[in-house]
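Here's a quick briefing to read alongside the model. Have the sequence and the 3D view open as you go.

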Amino acid sequence: QVHLVEFGGDSVQAGGSLTLSCEASLSLFSMYDMAWFRQAPGKQREGVARIRTTGPGAGTKLYNEAVKGRFTISQDNGKNALILQMNSLKPEDTGTYYCAGDRRLTSGVGYLDRRRYEYWGQGTQVTVSS
């Protein structure tokens with residue numbers, strides 16, 4: 001059984017920063033891809049950032065255009081944690097942020113497509129006020 005637990009959500013002013021972390025119940029080397037998604041009220045869950053944690057292309061990152069240059073995804077293998085550093089936050093970044101993982105090396109599905117990921121955390125709330 002794989003468990004993912006997110007931490008770090010908060011309320012901040014626009015222009016501020018937050019760091020989210022996701023602690024996994026197993027080594028990140030047991031996953032192929034891990035990602036952050038977010039969901040705003042009344043909207044679809046969207047992929048924010050992804051990282052290949054092991055295997056071919058390990059360390060490769062992909063970002064949603066809306067966050068490129070402001071958010072950074074990384075992994076802390078010692079803590080089995082996925083990190084999302086968020087800078088220059090905007091009100092449109094508001095939402096529930098979810099951590100996700102894939103152990104299947106899924107093909108034919110985009111890296112920021114929620115269908116790729118089989119494991120999910122419960123989410124952490126980020127609110128950015130203007």
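**Tyr 97 and the cores**

Skip the neighbours within four places in sequence, and Tyr 97 is in contact (heavy atoms within 4.5 Å) with Glu 6, Leu 20, Trp 36, Phe 37, Arg 38, Val 48, Phe 71, Leu 84, Met 86, Gly 123, Thr 124 and Val 126. This is a predicted model, where local features need pLDDT of at least 70, side-chain atom pairs count only at pLDDT 80 or more, and totals for chains, interfaces and linings use all residues. Residues are numbered from 1 along each chain as its sequence is written, and side-chain values use heavy atoms, with hydrogens and water left out.

**Nonpolar cores**

- A nonpolar core here is a set of buried Ala, Val, Leu, Ile, Met, Phe, Trp, Tyr and Cys residues joined through side-chain atoms within 4.5 Å; buried is under 20% relative accessible area, exposed over 50%, and partly exposed in between (1.4 Å probe, protein chains only).
- The largest one has 27 residues, and Trp 36, Leu 84, Met 86 and Tyr 97 have the most contacts inside it.
- Strands supplying at least two residues each include E3 (18-24), E4 (33-39) and E9 (95-102), with strands being DSSP runs of at least two residues, numbered from the N terminus.
- E3 gives the most to this core: four residues.
- There's also a second, separate core of five residues, with Ala 35, Tyr 98, Ala 100 and Tyr 117 among them.

**Positive phi in loops**

- Most residues other than glycine have a negative phi.
- Asn 80, in the loop between E7 and E8, has a positive phi near 50 degrees, and it counts as partly exposed because its relative accessibility is 21%.
- Ser 88 sits in the loop between E8 and E9, also with a positive phi near 50 degrees; at 42% relative accessibility, Ser 88 counts as partly exposed.
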